[in-house]
Amino acid sequence: MTSPQQSPDPQGHEHGHGHAHGREHGHGHEPGFGRHGPDPGSGSGHNSGHGHSHSHGPAAPVSRHLRRVIAAVLIPFATAVVVGLLVLWPGGTPAHERTGVGFDRQTEQGKVVAVEQVDCKDVNAAQVPPTGDTSTPQGREAVNAQQGECAKATIEVTSGPDKGRRFTEIVQPDAPRQLEEGQGVVVAYAPDAPKDLQYSVTDVNRKVPMAVLAIIFALAVVLVGRMRGVMALIALAVSFLVLTLFILPAILEGSNPLIVAVVGSSAIMLLALYMCHGLSARTSVAVLGTLISLLLIGLLGSFFIGWASLSGNTDDYTGLIHGLYPEIDMSGLLLAGVIIGSLGVLDDVTVTQTSAVWELHQADPGMGPRALYRAGIRIGRDHIASVVNTLVLAYAGASLPLLLLFTIADSSMGTVANSELVAEEIVRTLVGSIGLVASVPVTTALAALVVSADRPSEEAGGRTPGRGGRRRRAK
């Protein structure tokens, strides 16, 4: 009596395993078959579920009706993005007269051809105050600059109309950047200055190490991600092109930074998500979740930036931009930065949540939208915790020198948070984090509703009538 009861199980297991391999090699209509789920009344149905776990093909296709519903939402949105790109597309970066301040300087390439150690006093590296007062930081700095040996570097210009011209640069012993013979440098050119003072070293040339690091990054992405990695790199390049060819020039031309950021971010979102994850209902749900979250970030950011009276003009760079292009709305530029900065992390969250719900549904097609949402949101809670912590630490790390200055000044936490420079980062972090947190339940709910409303079996029923699984279900 024991033997007959045990025999169906190994036979069913072998049949299910072989059926799995059949589905691995055929991607025509088979994913749709996997969506029908096991027959709860038979051992072979159980083994069909086991066979599905071995499949490495794409997600099961959704019904034609559901594809039409998704298209009815996304096509008008994509059309509006394209129209926005055409209307706001800039004619190029507006010309302006160079001020010679900060990044707004004419620069050329140079090379250190010789470095000589000299006494700082001989080259008059700094002037000691006539009174000899060293009680002030400026006085102490001047005295220290005349003590010890300075580096007298000879620089040769290697690009531009004055290629081959040489000039001398004095580097003090306590300077944070020392020059070495053979080192590539970036030199600033001031045509209105006296001939001997027209060139000066502003930075070192880092192109080679930066290029090597970029190549290592690309190789790592391709080796691990393979074709998905290649598509991710292409999407990254496309995002960079949209940023440099559309968003930045359009803002400089005087277009509203918020509208430009929304249109540009939407274009990046559509291109990047569909290029990396394919044209599918799963990707479309992630796009919808990202769009809703971006709108929430835009509304919250606009409200709190206005309420907190944040001007967006808090440092030398924003001050220079405002001086060169006074028509730019700096608070709008701040809001645009919040939206663009949140987009990358939003894509990660929405795609992950959508994929989780899809996989849960394929593992158990009998789960309803409520059960799918509850299971997906449990995954999302872990994601929320890590993402919020990542954002806060990222902004804190970027602002570490500023935080050190406030610590040195022995300022209270309230004083630090109230300063506009820090308040901008707080608003940026919290608004972006709220959008990320909201994206988890929003995207999970959308994915649960969409995948539960799908009925591909009704359309696919007549395509593979000869399959064993179909015959069993027909019975």
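Of the 475 residues of the protein, 36% count as buried, where buried means under 20% relative accessible area, exposed means over 50%, and partly exposed covers what falls in between (1.4 Å probe, protein chains only). The model is a predicted one, in which local features need pLDDT of at least 70 and side-chain atom pairs count only at pLDDT 80 or more, while totals for chains, interfaces and linings use all residues. Residues are numbered from 1 along each chain as its sequence is written, and side-chain values use heavy atoms, with hydrogens and water left out.

The protein exposes about 26,600 Å², and carbon and sulfur atoms supply 61% of that area; accessible areas come from the Shrake-Rupley method with a 1.4 Å probe, and for residues only the protein chains shown count as cover. Contacts (heavy atoms within 4.5 Å) can also be sorted by their distance along the sequence. Among the contacts with a separation of 6 or more, 72% involve residues 24 or more positions apart.

The protein has 17 helices and five strands. Both are DSSP runs numbered from the N terminus, with at least four residues (H or I) for a helix and at least two (E) for a strand. The five strands form an open sheet in the order S3-S2-S1-S4-S5, with antiparallel pairing; two strands pair if DSSP finds at least two bridges between them. Strand S3 (166-171) and strand S5 (199-204) stand at the edges with a single partner strand each, so one side of each has no neighbour in the sheet. From one strand to the next, the twist averages 45°, with axes taken as lines fitted to C-alpha atoms (for helices over the stretch in contact) and angles running from 0 to 180 degrees between N-to-C directions.

The sheet can be followed pair by pair. Strand S1 (residues 106-119) is joined to strand S2 (residues 149-157) by nine bridges, and Gln117 has Ala151 in S2 as its bridge partner. Six bridges connect S2 to S3; here Thr154 is partnered by Thr168 in S3. Six bridges also join S1 to strand S4 (residues 184-189), and these two strands run antiparallel. In that pairing, Lys111 has Gly184 of S4 as its bridge partner.

Helix H7 (residues 207-252) holds Ser239. Ser239 is buried, at a relative accessible area of 17%. Apart from its neighbours within four places in sequence, Ser239 is in contact with Ile268 and Ala272. Ile215 is also placed in helix H7. Together with Leu219, Leu223 and Val224, Ile215 forms a nonpolar surface patch with about 470 Å² of accessible area. Patches are made of residues with over 30% relative accessible area and no salt bridge, with like charges joined within 9 Å and nonpolar side chains (Val, Leu, Ile, Met, Phe, Trp, Tyr) within 5 Å.

Most residues other than glycine have a negative phi. Arg226, however, has a positive phi near 55°. Arg226 lies in helix H7 and is exposed, at 64% relative accessibility. Ser309 likewise has a positive phi of about 55° although it is not a glycine. Ser309 sits in the loop between helix H9 (281-307) and helix H10 (316-324), and its 57% relative accessibility makes Ser309 exposed.

The whole structure contains six salt bridges, each defined as a side-chain nitrogen of Lys or Arg within 4 Å of a carboxyl oxygen of Asp or Glu. One of them joins Arg165 to Asp162, with the closest N and O atoms 3.6 Å apart. Arg165 is buried at 19% relative accessibility, whereas Asp162 is partly exposed at 22%.

Another salt bridge brings together the side chains of Arg177 and Asp203 (3.9 Å, N to O). Arg177 is in the loop between S3 and S4 and Asp203 is in strand S5, so the pair ties together parts 26 residues apart in sequence. Arg177, Asp203 and Arg206 are linked in a network of salt bridges.

Arg282 and Glu359 form a salt bridge as well, their closest N and O atoms being 3.4 Å apart. This pair links distant parts of the chain, with Arg282 in helix H9 and Glu359 in helix H11 (residues 330-363), 77 residues apart. Arg282 is buried, with a relative accessible area of 18%, and Glu359 is partly exposed at 43% relative accessibility.
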